[in-house]
Structure formats: C-alpha cells, structure tokens
Amino acid sequence: GAIGEPFWIHHQLLSGFDWFNSTGWHHKLPRFQIHQYGMHNFDILAVWLGRQPTSIFAQATRRPNQVYKGDMMTAVSCRYHDQLQAMLQETNALHPARPWATHFEIHGTKGCIVSSNIDRISIYNDQTGADGQHHTFGISWFPDAFAYPMYELMTAILDGLEPAHAA
C-alpha cells in the first residue's frame, strides 16, 4: 500500500546471452526470449499485481548475426484495465563486455518503487517525498530468485493443489 494503486510498470532486462551460451538446447528454440525469460517476467507481474493481463501485445526481434535461432530482443505491453499497463523490455543480444543489468519501476497513485539490478529498491511516496526509503538486499538473482517458486511448487504438490505459477 506504500504507493497506492499501481497504474504503470516498466521492467527492463539487458544482457549478452548469445555470445557465451550457444551450445545448449535452448539456442535452437524458435522463440528463445519469451520462453526463456518472458515467463519469469510474466510471473513477476502476476505476483506484484495479483492478476493476469486482459491483453498482451509483443514484438520479438533478432540481432544481426546472432547464434541463437530464436528472438533475442522483445518488447511486451500488458494491459490489465483502462488504468493499468505494464511494459517488459528484454534483450539478451547485447555485447558481452556490457555488464548485465535489470531495472524496474512500479508507479502508483501515491508514489513509486524503483530498482536497479535487484540489489536496491527505493520507495518514493506522498509521505516520504523525493528522498524515498532505500532497501538493500544481500541476495543474488541466482539462486535466490528460485527459492519462492520452488517453495510454491513443492507446497502445492504436497497439498495436492495447483501452484500459483501454473502455466
């Protein structure tokens, strides 16, 4: 509730996967980016918002001379209702010397949440003003990001229920 009701989300992933991992099974996928990464970001949106989009528009593109068969760059727009939209921009086609990066912003009726590289999250709202509250985490994307989805799956199996992240 710190930012009120969300109305606009932007999530961006920037990496150079194509150069250093071109021998695995996934380099043959016709839709690499959406299969490999998109599903995680749709899950993130579902957790943040507690709902699924009513419509999705996606564009997928290849980098010139890329090794992977499928797309490596995507732009996805998710619409939930007239006053809520989420944008996902992802690329795994950047130069390998460029550091991997991610950025997200969630804007709401009373403030916003901003994060770069998942290790620091800043909350700006009507009470705290422009300074915001800054939170840092001693975790990493891998393996820490997999703890909740695996817990959810194992609990659902034990309880005989469908997991929240079922396809």
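Val47, Trp48, Tyr148 and Tyr151 together form a nonpolar patch on the surface, with about 450 Å² of accessible area between them. Two elements, helix H2 (32–49) and helix H3 (147–159), each give two or more residues to this nonpolar patch. Val47 belongs to helix H2. Val47 counts as exposed because its relative accessibility is 58%, and the cut-off for that word is over 50%. The model described here is predicted.

The overall plan of the protein comes next. Its secondary structure comes to three helices and eight strands. Read along the sequence, these elements follow the pattern β-α-α-β-β-β-β-β-β-β-α. The C-alpha trace spans about 50 × 45 × 35 Å along its principal axes. Of the 167 residues in the protein, 36% are buried. The protein exposes about 10200 Å², and carbon and sulfur atoms supply 59% of that area. Contacts also show how the chain is put together: among those between residues at least 6 apart in sequence, 56% join residues at least 24 apart.

Met87 lies in strand S4 (residues 84–91). Met87 and His10 are 77 residues apart in sequence, while their C-alpha atoms are 4.8 Å apart in space. Leaving out residues up to four places away in sequence, Met87 touches Trp8, Ile9, His10, His11, Val76 and Ser77. Is Met87 buried, exposed or partly exposed? Met87 counts as partly exposed because its relative accessibility is 23%, and buried would require a value under 20%.

Ser122 is in strand S7 (residues 120–125). At 6% relative accessibility, Ser122 counts as buried. Its contacts, again without residues up to four places away in sequence, are with Cys112, Ile113, Val114, Gln133 and His134.

Charged side chains are the next topic. How many salt bridges does a search of the whole structure find? The search finds three. In one of them, Glu5 pairs with Arg51, and the closest N and O atoms are 3.3 Å apart. This pair links distant parts of the chain, with Glu5 in the segment before S1 and Arg51 in the loop between H2 and S2, 46 residues apart. Glu5 is partly exposed, with a relative accessible area of 42%. Arg51 is partly exposed as well, at 29%.

Another salt bridge joins the side chains of Asp71 and Arg31, at 3.0 Å from N to O. This pair also links distant parts of the chain: Asp71 is in the loop between S2 and S3, Arg31 is in the loop between helix H1 (17–20) and H2, and the two are 40 residues apart. Asp71 counts as buried because its relative accessibility is 2%. Arg31, at 43% relative accessibility, counts as partly exposed.

The side chains of Arg79 and Asp82 also meet in a salt bridge, at 2.2 Å from N to O. Arg79 counts as partly exposed, with 40% relative accessibility. Asp82 is exposed, with a relative accessible area of 68%.

The loop that holds Asp71, between S2 and S3, has a further point to note. Asn65 is placed in the loop between strand S2 (55–61) and strand S3 (73–81). The phi angle of Asn65 is near 65 degrees, a positive value in a residue other than glycine. Asn65 is exposed, with a relative accessible area of 77%. The loop between S2 and S3 thus holds Asp71, which counts as buried at 2%, and Asn65, which is exposed at 77%.

Note on methods. Residues numbered from 1 in each chain as written. Predicted model: local features only at pLDDT ≥ 70, side-chain atom pairs only at ≥ 80, totals over all residues. Heavy atoms only, no water. Patch = residues over 30% accessible without salt bridge, like charges linked within 9 Å, V, L, I, M, F, W, Y side chains within 5 Å. Areas by Shrake-Rupley, 256 points an atom, 1.4 Å probe, with all protein chains shown as cover. Salt bridge = Lys/Arg side-chain N within 4 Å of Asp/Glu carboxyl O. Helix = DSSP H or I, 4+ residues; strand = E, 2+ residues; numbered from the N terminus. Buried < 20%, exposed > 50% of the residue type's maximum accessible area, 1.4 Å probe, protein only. Contact = heavy atoms within 4.5 Å.
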